[in-house]
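Please find below a colleague's note on the structure shown here. The points are numbered so that each can be checked separately.

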Amino acid sequence: MIIFGTKGYLYQLAILTLVCGRCGNPSAHTLRKRVTKFTLFFVPLFPFSTKYATQCTFCGAEQKVTGEQAEQLQAQAAAGGHGGQQQYGQPQQPYRP
């Protein structure tokens, strides 16, 4: 008997101040990365899906971004210098599709 499946992970990469496209407010947006990994006997082996998105903390609107856009936003956040208040790239919680 072989047990296989998937498991999702949600990583917060950065927090940026952007103007929301939905509510129009300049507010903090979180840049998140969702990774889905193939598992065999409950052991995650390799990622087969990676998606990036920003979410407005004011209205909750989520907008998908490409990997290149995510890298640019992450570089923009690093240049802004958040003073090391929070460690980014650490998993927040498992993502369940």
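1. Rings of Phe, Tyr and Trp (its six-membered ring) are taken as a pair if their centres lie within 6.5 Å; planes under 30 degrees apart count as stacked, those over 60 as edge-to-face, and the rest as tilted. On that basis, 2 aromatic pairs are found in a search of the whole structure.

2. The model is predicted, with local features needing pLDDT of at least 70 and side-chain atom pairs counting only at pLDDT 80 or more, while totals for chains, interfaces and linings use all residues. Residues are numbered from 1 along each chain as its sequence is written, and side-chain values use heavy atoms, with hydrogens and water left out.

3. The aromatic pairs deserve a description. The ring centres of phenylalanine 4 and phenylalanine 38 are 6.2 Å apart and the planes are at 25°, so this pair is stacked. The pair links distant parts of the chain, since phenylalanine 4 belongs to strand 1 and phenylalanine 38 to strand 2, 34 residues apart. Strands (E, at least two residues) and helices (H or I, at least four) are DSSP runs, numbered from the N terminus. Phenylalanine 38 also pairs with phenylalanine 46: the centres are 5.4 Å apart and the planes at 25°, so that pair is stacked. Phe4, Phe38 and Phe46 form one aromatic cluster.

4. How exposed are these rings? Buried means under 20% relative accessible area, exposed over 50%, and partly exposed in between (1.4 Å probe, protein chains only). Phenylalanine 4, at 58%, is exposed. Phenylalanine 38, at 24%, is partly exposed, and phenylalanine 46, at 43%, is partly exposed.

5. Two lysines are placed over tyrosine rings. A charge sits over a ring if NZ of Lys or CZ of Arg is within 6 Å of the ring centre and within 35 degrees of the ring normal. The charged end of lysine 33 sits over the ring of tyrosine 11, 5.7 Å from its centre; that of lysine 37 sits over the ring of tyrosine 9, 5.2 Å from its centre.

6. Which residues make up the largest nonpolar core? A nonpolar core is a set of buried Ala, Val, Leu, Ile, Met, Phe, Trp, Tyr and Cys residues joined through side-chain atoms within 4.5 Å. The largest has 11 residues: Tyr9, Tyr11, Leu13, Ala14, Leu16, Leu31, Val35, Val65, Ala70, Leu73 and Ala77.

7. The C-alpha atoms of leucine 10 and threonine 36 are separated by 8.9 Å, although the two residues are 26 apart along the chain.

8. Phenylalanine 41 is partly exposed at 44% relative accessible area, whereas phenylalanine 42 is exposed at 68%.
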